[in-house]
Amino acid sequence: MRPRLSLFSASVLTVVLAYLFIQVVIPYASMWIADRPSPVTVPAALTVIYMLLVFIGLYIYITISEENVREFLQPILEFLRGGETGVRAGLRLGLLALVPLLVGWITYDRLAPKVQSLTGIRIQHPTIPGQYEKLINPYRNPTDDLVKQFQQQEGLDGIGLEEARKRLVGTALAEGRALYQKNCRVCHGSKADGSGPMAVGFRLRPANFRDPGTIATVVEAYAFWRISEGGRGLPNESSPWDSAMPRWKEELTEAEIWKIILAEYELADVEPRKPEKLE
Amino acid sequence: MRWACLILLMILLTPSTGWGQEKGASPGGAGAPPAAPSPQDLQAGKRIYQKWCMNCHGAQGDGAGPAADFLRPRPRDFRQGLFKIRTTQSGQLPSDQDLFNVITKGMPGTGMPGWEKVLTEAERWQLVSYLKTFSRRFARASAPPEPIRIGTQLPLSADSAAEGKRLFREIECFKCHGDEGRGDGPSAPELTDDWGAPIRPANLRKPWTFRGGHTPEALYLRLQSGIAGSPMPSFADSLDNEKTWHLVNYVMSLWQDSSGNNPPLQVVLKARRVEGEIPAQPGEAFWQDQEPFYYPLVGQVIREPRLFVPSVDGVQVQAVYNDRELALRLVWDDPTNSKADAEQGTFEDAAAIEFPVQVPPGAKRPFFLMGDAELAVQLLRWGSSSGMTELNGNGLDKLQPQSESSQESTAVGEFQNGQYQVVMKRPLRTVNTAQDIQFETGRFIPVAFFAWDGSNGETGGKMALTSWFYFFIEPALPKVTYVYPALAVVIAGGLQWWVVRRLRQTKMD
């Protein structure tokens with residue numbers, strides 16, 4: 001028969017496991033469920049409540065019978081009543097000295113002026129404004145009209161429609177890459193990894209497009225909105241006052257922005273999210 | 001079961017860097033260069049070049065891609081076959097491995113990034129082969145370039161550094177790099193590179209900006225090979241192995257942190273309370289004892305007029321306060337002491353600290369770039385010509401000095417050997433509460449920093465900056481903070497002693 005865990009050890013184990021569950025399992029589970037880039041920590045107040053529930057549960061369980069109480073207390077009493085010499089005595093002395101010091105430290109911690117927590121919650125991807133929602137990138141799968149227009153402009157009547165479409169996309173991509181290196185490189189980096197030379201000065205770092213949590217999770221229309229309106233276009237829950245992202249609609253044409261988007265996804269080696277089917 | 005737990009624990013505790021490391025741990029990634037590139041290699045190299053390099057280095061390798069005008073130093077023109085970061089002797093071509101390494105690591109302090117994370121080793125070798133087609137020097141070379149032999153290293157010691165310091169004067173490094181190495185030597189302003197662009201001598205106290213890295217070997221190689229295309233010559237003729245190491249050791253002795261890495265950024269700038277008068281002179285020994293905080297500055301590239309190549313790349317800040325006033329000491333490197341002169345069209349050097357006028361109760365605050373229409377900021381600004389000014393801003397183009405009567409800040413600034421040191425003071429509380437921030441202890445106050453280098457054409461919106469960080473004025477600790485915990489220890493100890501004694505006695509019975 002397997003030896004049963006003593007009630008005292010079982011109680012301690014329960015408390016430790018409950019704490020780990022709250023501090024580790026819940027944050028990672030929430031990250032996975034809510035699709036966040038980093039674990040979501042449980043607020044301190046909530047942790048206290050959860051732990052309190054664990055303690056109450058344990059208390060009820062232990063005090064349910066006289067016998068349980070005795071079993072629970074036994075190892076404690078044994079430890080405190082142990083002999084005057086030996087390892088156990090030393091251990092007891094150490095533990096007994098530790099308790100008052102701990103109380104003192106907690107008191108100090110309570111009194112000392114608190115440095116408030118600086119981690120505000122920032123919504124990285126707020127809802128896209130309605131007027132941008134339905135836009136699609138004309139250069140990703142150009143319409144026949146756009147291709148024919150391109151053919152006329154470039155004098156490419158001799159080649160087939162499909163060949164012209166490929167060339168149009170190729171030209172748009174090349175232009176987009178150049179516009180990206182000219183305008184976006186300083187912050188988002190030549191490699192689209194958010195490490196441009198100016199990135200270090202901004203506490204809200206320029207987005208790393210290679211990170212699966214940035215442009216890979218949004219549709220192209222969303223990127224178009226963010227590039228057009230910049231940091232100032234963000235709602236308050238996304239801290240527009242901290243965002244260095246410029247408002248590009250004042251300096252770039254819509255066509256240029258779409259070309260940059262094409263290049264931005266290509267350089268970052270990620271795909272945009274597919275828009276939901278339009279009814 | 002125990003074993004399983006132990007193994008799990010070991011896996012969890014193993015630093016992630018140790019796992020899944022790329023093959024080839026030697027510097028820059030090993031792998032022999034391909035003996036002779038195949039046409040396919042060149043074709044692949046060209047394709048990669050057109051995707052990643054062309055927009056800086058130009059389709060023809062002439063260094064004139066569309067982004068080139070935003071970079072200083074400009075992207076390399078590959079047609080002359082001049083390369084800065086070499087292990088080969090003065091005047092010679094780089095080895096293939098040199099090119100591979102510089103592509104892998106990039107060139108710190110320039111627009112040239114390292115490509116290790118984005119391009120595979122094979123792709124980087126293909127680029128090496130392709131780059132060599134831009135200059136005929138490579139095809140013409142009859143023999144491979146001769147490497148520099150690095151002799152026995154002299155370890156860094158005070159004696160060696162002192163000898164290096166003597167050599168630094170003797171062979172006139174200071175003429176370019178300045179007396180204290182901040183790149184402010186007398187010949188510095190006139191230097192141009194081989195392509196006719198102005199170039200600055202390195203600030204030897206900022207090794208994280210060295211183009212070829214800052215290991216002792218890298219410095220040794222730069223001194224022996226020179227930096228081709230730049231005015232920095234090879235010193236192979238005047239420096240033997242020993243002297244070279246003395247100079248390397250002297251350069252390394254100038255660094256604040258022996259690792260040579262840039263100072264860590266701290267999010268919260270703390271002001272400590274001091275009793276009595278705060279010294280107004282920035283050179284006072286008092287300031288050596290105050291904790292320094294470092295903030296990297298970057299160019300203002302958010303709105304026109306933009307600054308793509310800022311001169312000041314960081315500022316060190318110290319803050320203290322007493323019962324009346326707040327004092328902030330700013331230290332930053334700037335190679336020249338420029339003055340405002342309307343006739344000559346030159347601008348002054350300056351630095352500023354920004355606060356919101358109203359300390360926000362919630363998260364909402366003014367836009368970090370000089371505020372916005374809704375919320376105003378206050379600037380404490382010191383200029384090399386204009387001295388101290390308090391300004392208010394509601395946007396980059398809506399920045400106004402306060403009226404004469406409301407100017408309550410003072411400052412003392414000094415310039416020496418390529419460095420500014422400024423102490424600014426302001427009363428904690430002022431009369432003009434509508435325009436002035438009222439400093440309170442124990443709160444997080446948004447703070448941002450700006451710097452202008454007049455000789456770099458920086459004025460108005462053309463400046464170096466940070467976004468919001470935090471400023472925290474540490475409250476003085478009241479006495480009870482120490483008394484109560486002591487009392488708690490005594491009471492808890494006594495109580496515990498009584499309980500345990502009772503317990504042990506009941507056992508005896």
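**Exercise 1: A charge and a ring**

Find where the charged end of A:Lys191 sits.

*Solution.* The charged end of A:Lys191 sits over the ring of B:Trp115, 5.9 Å from its centre. The rule asks for NZ of Lys or CZ of Arg within 6 Å of the ring centre and within 35 degrees of the ring normal. B:Arg381 lies over the face of B:Trp452, 4.6 Å from the ring centre.

A note on the model: it is predicted, so local features need pLDDT of at least 70 and side-chain atom pairs pLDDT 80 or more, while totals for chains, interfaces and linings use all residues. Residues are numbered from 1 along each chain, chains are lettered from A and ligands numbered from 1 in the order written, and side-chain values use heavy atoms, without hydrogens and water.

**Exercise 2: A ring pair**

Describe how the rings of B:Phe78 and B:Phe83 pair.

*Solution.* Rings of Phe, Tyr and Trp (its six-membered ring) pair if their centres lie within 6.5 Å; planes under 30 degrees apart count as stacked, over 60 as edge-to-face and the rest as tilted. The count over all chains is 32 aromatic pairs. B:Phe78 and B:Phe83 are stacked, with 6.0 Å centre to centre and 20° between the planes. Both B:Phe78 and B:Phe83 are buried (under 20% relative accessible area, with a 1.4 Å probe and protein chains only).

**Exercise 3: A cluster**

Name the residues that ring pairs link into a cluster with B:Phe78.

*Solution.* B:Phe78 is linked with B:Tyr49, B:Phe83, B:Tyr130, B:Phe134 and B:Phe138.

Conventions: Buried < 20%, exposed > 50% of the residue type's maximum accessible area, 1.4 Å probe, protein only.
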